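Dear colleague,

Please find the structure below, followed by a short account of what was found in it.

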Amino acid sequence: MTSSLDPLVSAARGGDRGAFEELVRLTSDDTYTLARRLCGNADDAADVVQEAYLRAFRSIRKFRGDAAFTTWLYRITANCAADHLNRRVRHRHDELGDEHVDERAEIDPESHTGNVELRDQLKVALDALPPKLRAVVVLRDIYDLPHEEIAEQLNISESAAKVRLHRARRKLREELLPLPGEEDARAV
Amino acid sequence: MRDLVRCERVADDLAAAAGGTAVLAPSVRAHVEHCLRCQAEAAQYRKLGRALRAMADDTAVVPVSLVDDVLVALDDDAERARVMGHVRDHRAAYLGGLAAGVAGVASVAGAIVLARARRTAA
């Protein structure tokens, strides 16, 4: 996929608007998937994708090609998602609601077996995570970004990124794969 | 009780070691090797890690209008840039004209004052 984008990227850098539009068509699914995972909901993800492509278009001439175009675009998307979620915190929309949303009603406590069920439940559990924890576990455990890059994307220290990651994993594990005794604690 | 406290202490280490982001300290590893509960917890973290990595191959359900909305946003942004460019250009022309007008008025006023001064002197 990357090699087939190179001619379009070169044309877009030269000011070819049509080439950039074609890049949008070819990359929007993956860009939206990343945004959806980082934001936890479809509406915010759509806003983030729009902002990401706007930023990419405005700065495409500065894209040097050191990294793959898709990598560069994903970094922009992650930055946009972080900015978007930070704006929501400042406006105090439903950040508290995000912290305390209990999605357990949507998770069938009986169906802990089966990879498909776990992945479906994992998507729900990820959406229910606090945004700051969700961002780190998505970027690290799904997209395999190194800690230093995650820290740079989220404008936090590397140690803070690791702490958030461990906390996120622990919350997910306790929610989806509780050990005996933890289930009883949840039921209380 | 002591084992539960110990298990609680290594819980964060297990979460850290799950994706290979940390290596268990020898003392922690020694505890896990003899603790069925912590072994079970480590196994659950490995299962969670596999499920997360598998998500990399998934694609979200993309809204039908996503690409169109992005292209419209690009058009709107280009239009805004064009309008702002016009405003800047006209503002520069307006201020330039204003400055020329002020300079013209000032030179006429100066000429009038000069002429009156000469008449008075005469």
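Which domains does the domain assignment of chain A give? The assignment gives domain 1 (1-93) and domain 2 (103-188), with bounds that come from an automatic or database domain assignment.

This is a predicted model, in which local features need pLDDT of at least 70 and side-chain atom pairs count only at pLDDT 80 or more, while totals for chains, interfaces and linings use all residues. Residues are numbered from 1 along each chain as its sequence is written, and chains are lettered from A and ligands numbered from 1 in the order in which they are written.

Between the two domains of chain A, the contact (C-beta atoms, placed from the backbone, within 7 Å) takes nine residues from domain 1 and 10 residues from domain 2. On the domain 1 side, α2 and α4 (69-91) of chain A each supply at least two residues; helices are DSSP runs of H or I with at least four residues, numbered from the N terminus. The largest share of that side, five residues, comes from α4(A).

As for the two chains, 33 residues of chain A are in contact with 33 residues of chain B. On the chain A side, α2 (17-39), α3 (42-59), α6 (115-128), α7 (131-142) and α9 (158-176) each supply at least two residues.

Pro131(A) is found in helix α7 of chain A. Pro131(A) counts as buried because 20 other C-beta atoms lie within 10 Å, the cut-off being 20 or more. Pro131(A) and His166(A) are 35 residues apart in sequence and 14 Å apart in space, C-alpha to C-alpha.

With kind regards

Conventions: A residue is buried if 20 or more other C-beta atoms lie within 10 Å of its own, exposed if 12 or fewer, and partly exposed in between; C-beta atoms are placed from the backbone.
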